[in-house]
Amino acid sequence: MAPAKINLSLRVLGHRSDGFHEIETFIAPISLCDEIKIERRSGKQKIAFRCDDPSVPKGEDNIVVRAANAFFEETKITSGVSIALKKTIPHGAGLGGGSSDAASTLVALNELFETNLPREALAKMAEMIGSDVPFFIFQSAAVCKGRGELVSPTRLREQLSVLLLKPEFGVSTQWAYSRWRDSHEIPGVSYSGQQFPQQNFVNDLERPVFEKFVFLAQLKMWLLKQPEVGAALMSGSGSTVFAVLRSNADADLLAKRSKAELDPELWTCVTRTL
């Protein structure tokens, strides 16, 4: 299983000399998962990859294939594998689906070939694949710094019930960061930290993303007015906005109301932090 994630807080601290941004983010894995099945195989083709979602890139462009290649390069293993990926986590959603798939591939290959590499070694491999990938290696909530690759696993104070809401469009992470410095707040939209219950929810990428995708700002502000919602925030660079639910809230009813009042095409998912 490859779990999705939400960013409970995301601070952008500035530009780095390597072209990335310096960040500090508190990330939690959630119960929404992709499914990956990996088996040894014989044959000329080293990595046979298939996915039930036709929009996922194939071959060397795929992050799962890149992860498998990195593992074989590092360990010098010459065996072949077949990888079957079943997608549930949407793309361009700020939920880390691709990064999680890549990390889960590294962890699974380490088990399959009994290479016994420590998590730190897998995280080092993961760093080359993508900024979010090392986080998923540790299978825990974590504070991530640097460009996201410096991972300090931590415990969540309590499990959170969460409703994910995503419109049909996605947001490019690269684009969101590139607009961060020159973006402006929309009057009447709340960007400041929200305390609930013992967690501060804030995301510096809301400013650039909301400026272009105004619907996401409207979605967040609508959620904050709902009696079931303790906090609402965009995850990562979007386009998912999540609501942290109060105890005994009816998440399905809230999801139904969001579609009726905002957008009948909204993708919604009731989930929880792990």
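Axes are lines fitted to C-alpha atoms, for helices over the stretch in contact (heavy atoms within 4.5 Å), and angles run from 0 to 180 degrees between N-to-C directions. The model is predicted: local features need pLDDT of at least 70, side-chain atom pairs count only at pLDDT 80 or more, and totals for chains, interfaces and linings use all residues. Residues are numbered from 1 along each chain as its sequence is written, and side-chain values use heavy atoms, without hydrogens and water.

**Exercise 1.** Describe the sheet that contains β10 and the helices lying across it.

*Solution.*
1. Helices (H or I, at least four residues) and strands (E, at least two) are DSSP runs, numbered from the N terminus.
2. The open sheet has four strands in the order β10-β11-β7-β12, with antiparallel pairing (two strands pair if DSSP finds at least two bridges between them).
3. At the edges stand β10 (229–234) and β12 (267–272), each pairing on one side only.
4. From one strand to the next, the twist averages 20 degrees.
5. Five bridges join β10 to β11 (residues 241–245), and A232 stands opposite A243 in β11.
6. Helix α7 (residues 214–224) lies across β7 (161–166), β10 and β11, at about 170 degrees to β10.
7. Helix α8 (residues 251–261) lies across β7, β10, β11 and β12, at about 160 degrees to β12.

**Exercise 2.** Determine which residues of α1 are buried and where they pack.

*Solution.*
1. Buried means under 20% relative accessible area (1.4 Å probe, protein chains only).
2. In α1, I63, V64, V65, A67, A68, F71 and F72 are buried.
3. These buried residues pack against elements including β3 (47–51), β4 (80–86) and α2 (97–112).
4. After α1 comes K76, with a positive phi near 60 degrees.

Note on methods. Buried means under 20% relative accessible area, exposed over 50%, partly exposed in between (1.4 Å probe, protein chains only).
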